[in-house]
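This briefing covers the ligand sites and the backbone of the structure shown below. Please keep the sequence at hand while reading.

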Amino acid sequence: HRPARPHRDLVRSTCMAPCSHKYNPPIRIMQWNILAQALGEGKDGFVRCPLDALNWNERKYLILEEILTHRPDVLCLQEVDHYYDTFQPILARLGYQGSFLPKPWSPCLDVEPNNGPDGCALFYRRSRFMPKATAHLRLSALMLPTNQVAIVQTLCCRVTGRWLCVAVTHLKARSGWERLRSAQGADLLQSLCSITSRGGNRAPSGTTPLVVCGDFNAEPSEDVYKRFSCSPLGLTSAYTLLSSDGHTEPPYTTWKVRPSGESRSTLDYIWYTPAALSIESLLDIPSEEQIGPDRLPSYHYPSDHLSLLCDLSFREEPHRLL
Ligand code: NDP
Ligand code: CA
């Protein structure tokens with residue numbers, strides 16, 4: 001018998017918008033690097049994680065339980081190597097439309113056995129959104145194609161008629177690759193700029209509000225983080241609103257022990273357009289005690305990354321002057 005998974009609070013803060021939407025509930029966004037099964041068993045070397053906790057036939061239920069506990073309207077996942085046999089069929093039955101983009105040379109394919117390449121997946125609730133456009137991007141760095149990808153989904157909210165563009169990505173991992181990550185971020189920002197302002201993809205009211213979910217593999221001190229926070233798209237990182245000063249990222253979004261040692265870092269983000277969207281609540285980050293001495297993954301937490309979740313709503317549209 002395993003103890004119940006620690007509860008995570010949905011936190012509302014004073015700087016967050018009030019919520020009073022009987023007919024227009026906020027849009028719930030979930031971001032999560034779920035740990036590719038082939039990498040978790042075959043490459044990562046999580047020396048403090050019990051082997052049992054990495055068994056796919058148990059771990060998949062923990063992943064699904066976490067998703068279904070929160071029932072997000074939009075779900076952005078990285079390291080998905082069980083799309084066709086697990087997430088797509090199960091989530092489709094629960095009312096989600098999904099899209100999957102594998103990495104061109106997924107490291108999962110080096111592991112034997114594997115279940116195919118890992119990649120990014122984006123799901124949205126069909127009852128909530130109408131699809132407007134989907135872009136599958138292979139990220140470039142200085143014009144050269146890389147092994148990292150992004151999905152950009154333009155949606156129209158059925159309740160409000162408002163448009164929303166959601167992107168999911170997983171940038172190049174490891175230290176030494178900071179400049180590649182920065183270049184990949186620049187490429188993604190450029191694509192997002194053109195997608196959100198382009199004729200056919202653009203909201204009828206103007207530029208489409210944006211949400212970018214990702215495992216950026218970059219601490220907030222890195223170049224790529226600065227690029228995102230200073231871009232012409234006017235993006236803010238949602239989880240900074242959890243901090244007491246309103247500007248600081250959480251202390252960690254991933255925490256693991258490999259043979260090389262313990263690694264605790266903030267790599268995952270939900271970026272959004274504060275001019276058009278307001279954050280109403282955020283799912284709290286588990287404490288060190290909740291995570292436990294063996295860190296992640298574990299029997300309680302099926303991935304080495306924590307899920308991020310926020311509720312956001314459209315701001316009133318400013319009156320347009322003719
Ligand atoms: P990345 O470097 O971006 O990382 C791949 C995965 O490894 C990520 O999911 C990352 O997880 C995880 N990871 C990060 N740090 C470590 C670590 N210290 N130990 C173990 N895993 C870690 O991968 P790329 O997309 O650049 O692919 C690299 C791999 O792909 C190579 O190993 C190579 O074998 C293969 N490849 C093959 C090619 C070919 O021609 N056949 C061409 C290119 C690549 P997280 O994001 O959670 O940190
Ligand atoms: Ca990983």
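Helices (H or I, at least four residues) and strands (E, at least two) are DSSP runs, numbered from the N terminus. This is a predicted model, in which local features need pLDDT of at least 70, side-chain atom pairs count only at pLDDT 80 or more, and totals for chains, interfaces and linings use all residues. Residues are numbered from 1 along each chain as its sequence is written, chains are lettered from A and ligands numbered from 1 in the order in which they are written, and side-chain values use heavy atoms, with hydrogens and water left out.

**Backbone features**
- R71 is not a glycine, yet has a positive phi of about 40 degrees; this residue is placed in the loop between α2 (56-70) and β3.
- The peptide bond from E112 to P113 is cis, with omega near 0 degrees, and P113 belongs to the loop between β4 (96-102) and β5 (119-125).
- L296 and P297 are also joined by a cis peptide bond, with omega about -10 degrees; P297 is found in the loop between α6 (288-291) and β15 (308-314).

- For N33, an N or O atom of the side chain is 3.4 Å from an oxygen atom of ligand 1.

**Calcium site**
- The calcium ion (ligand 2) is coordinated by E79 (OE) and E79 (OE), at 2.2 to 3.1 Å.
- Donors are N, O and S atoms within 2.8 Å of the metal (3.2 Å for Na, K and Ca); water is not among the atoms, so sites may look incomplete.
- E79 is part of strand β3 (residues 74-80).

Notes: Polar contact = N/O pair within 3.5 Å; in protein donor to acceptor, adjacent residues only side chain to side chain.
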